[in-house]
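Here is a short briefing for a first look. Keep the sequence and the 3D view open as you read.

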Amino acid sequence: MRALAAAALALAALLGPAAAMLEVHVASGSVFAVEGRPAVLPVWYTSRSQKKPYVTWLLHKPDADPFQILTYLDGVVKVEESDLKRRISFLYPVLSHNLSVLINGTQEHDSGQYMCTVNVADDSSSTGKNVGVINLTVLVPPAAPACRLQGSPAVGGNVTLSCASRKGKPLPSYQWQRAAPAAQVFFPPMQDRARGTLKLTNLSLDMSGVYVCAAENRAGSATCNVTLEVLSSSNAAVVAGAVLGSLVGFGLLVFLGLQLRVYRRKKRDGQEEAANEIKEDAVAPKSLAWAKSAAPDAASRTSTLSSAPGARPKLEGPRAASDAASDGPANGTAGSRGRRPQGPPRHRPPPAAAGLARMGAVAVMVPAQSQAGSLV
Ligand SMILES: *[C@@H]1O[C@H](CO)[C@@H](O)[C@H](O)[C@H]1NC(C)=O
Ligand SMILES: *[C@@H]1O[C@H](CO)[C@@H](O)[C@H](O)[C@H]1NC(C)=O
Ligand SMILES: *[C@@H]1O[C@H](CO)[C@@H](O)[C@H](O)[C@H]1NC(C)=O
Ligand SMILES: *[C@@H]1O[C@H](CO)[C@@H](O)[C@H](O)[C@H]1NC(C)=O
Ligand SMILES: *[C@@H]1O[C@H](CO)[C@@H](O)[C@H](O)[C@H]1NC(C)=O
């Protein structure tokens, strides 16, 4: 008997791979799954032996050593300690020879090379044939992107609309479209699909409208939008002034703080809430300190401050106008809205301008006649 087995082995060696008996098969060398969804890694083996196999599943991630995630040894299934512990199982009874595994709730870091090795006591295989390898790639749909408008939207001027999603695998590409009723699609070089920018030059009044950006990859898509309000040149000066003010001016901010105080003093007879009182008085000295230190993030602080909700309902003059303006850059999804204060300062001008308008900056800086209609 033993001699016979030895003879068979010798024969197998002689005949090469074709005669090998134990062999592991994979249905596909690479499997893709969308984050959060289940994934199946399809592997089975063929063998003439009906003996129980010894099976190990290893996961090899880039820049890490392979580790065991699942085994079948001496007839016992064991799920090893790992991230996958509660999410991985054999899909079928091992004795069916189908060794496919199911991974539930896939996560991006589950991506890697999965290796299934099979040994059977009285069967043999030629080198490497008893291993099945599958690359799992977990794709991540784009997160809700943030839409922004940079530049001054005056007739004849240029603006750049930008769109960025902080998540997505593979990296999302971006597509800007103008929404109905004047629906329009854009092409390079106006639109840069990789960077998410759309350049609109030589603006005219009829280019005003809602612009929608879709971030998309194989796993899904998400959108945000921005409202472009092209301003005739006389009104444009108002906004340009406000933007310039927000860039140049901590002086302005301090000035504004003073204005608020004056305003407050005038109104002191009325019923002012004590809490708001303290908050706004505290603003001016703080901004002075920032100005002195000239911190690089000062600009973003400015915008955070200028859009602080505390100051908004207090001033009545340019309310309607400022609301229209704030719709522009801030009209994105909740995601983009939430992230606004952390963004790089160069994206600031439009929100800052809106914020300043809200606080009455327009009223302070320009002749009263241009306030009301400026942004509507
Ligand atoms: C699987 O991934 C490895 C390492 O990243 C790579 O070398 C191999 O070519 C991939 N195989 C397939 C079938 O994609
Ligand atoms: C093993 O299971 C996988 C996943 O269900 C399937 O794709 C594959 O065809 C099966 N293999 C065999 C030989 O039935
Ligand atoms: C995966 O999810 C399916 C369906 O919800 C469930 O039947 C199965 O037990 C889960 N497997 C693991 C290992 O969590
Ligand atoms: C607008 O862009 C065009 C073309 O890129 C350029 O020639 C022009 O100088 C720009 N105008 C302004 C106001 O920046
Ligand atoms: C800008 O647009 C106006 C009217 O739409 C046109 O007359 C002018 O030639 C354009 N300028 C450039 C530089 O394209």
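Val40, Pro42, Trp44, Leu91, Tyr92, Asn98 and Ser100 surround ligand 2. The model is predicted.

**Around ligand 2**

- The shell of ligand 2 has five nonpolar residues, two polar ones and no charged ones.
- Asparagine 98 reaches ligand 2 with its side chain: an N or O atom there is 2.4 Å from an oxygen atom of the ligand.
- Tyrosine 92 also uses its side chain, with an N or O atom 2.7 Å from an oxygen atom of ligand 2.
- Serine 100 has a side-chain N or O atom 3.2 Å from an oxygen atom of ligand 2.
- On its own, ligand 2 has 360 Å² of accessible area, and the protein covers 54% of that.

**A surface patch beside this site**

- Val40, Leu91 and Tyr92 make a nonpolar surface patch of about 240 Å².
- Leucine 91 sits in the loop between β8 (88-90) and β9 (101-103).

**Around ligand 3**

- Asparagine 104 places a polar side-chain atom 2.3 Å from an oxygen atom of ligand 3.
- Arginine 86 makes its approach through the backbone, where an N or O atom lies 3.3 Å from an oxygen atom of ligand 3.
- Taken alone, ligand 3 exposes 360 Å², of which the protein buries 38%.

- Lysine 167 and glutamate 35 meet through their side chains in a salt bridge, at 4.0 Å from N to O.
- This pair links distant parts of the chain, 132 residues apart. Lysine 167 is in the loop between β13 (159-164) and β14 (173-178). Glutamate 35 is in the loop between β2 (30-34) and β3 (39-41).
- Lysine 167 is partly exposed, because its relative accessible area is 38%. Glutamate 35 has 30% relative accessibility, so glutamate 35 counts as partly exposed too.
- Lysine 51 forms a salt bridge with aspartate 122, and their closest N and O atoms are 3.5 Å apart.
- Lysine 51 lies in the loop between β4 (43-46) and β5 (53-60), and aspartate 122 in the loop between β10 (112-120) and β11 (131-139), so the pair ties together parts 71 residues apart in sequence.
- Lysine 51 counts as partly exposed at 44% relative accessibility. Aspartate 122 is partly exposed as well, with a relative accessible area of 48%.

**One more salt bridge**

- Which residue does lysine 85 form a salt bridge with? The partner is glutamate 81, with the closest N and O atoms 3.1 Å apart.
- Lysine 85 has 29% relative accessibility, so lysine 85 counts as partly exposed.
- Glutamate 81 is exposed, because its relative accessible area is 64% and exposed means over 50%.

Technical notes:
Residues are numbered from 1 along each chain as its sequence is written. Chains are lettered from A and ligands numbered from 1 in the order in which they are written. This is a predicted model: local features need pLDDT of at least 70, side-chain atom pairs count only at pLDDT 80 or more; totals for chains, interfaces and linings use all residues. Side-chain values use heavy atoms; hydrogens and water are left out. A polar contact is a pair of N or O atoms within 3.5 Å; within protein, one must be able to donate a hydrogen and the other to accept it, and residues adjacent in sequence count only if both atoms are side-chain atoms. Accessible areas come from the Shrake-Rupley method with a 1.4 Å probe; for residues, only the protein chains shown count as cover. Patches are made of residues with over 30% relative accessible area and no salt bridge: like charges are joined within 9 Å, nonpolar side chains (Val, Leu, Ile, Met, Phe, Trp, Tyr) within 5 Å. Helices (H or I, at least four residues) and strands (E, at least two) are DSSP runs, numbered from the N terminus. A residue is near a molecule or strand if one of its heavy atoms lies within 4 Å of it. Ala, Val, Leu, Ile, Met, Phe, Trp, Tyr, Cys and Pro count as nonpolar, Asp, Glu, Lys and Arg as charged, and the others, Gly among them, as polar. Buried means under 20% relative accessible area, exposed over 50%, partly exposed in between (1.4 Å probe, protein chains only).
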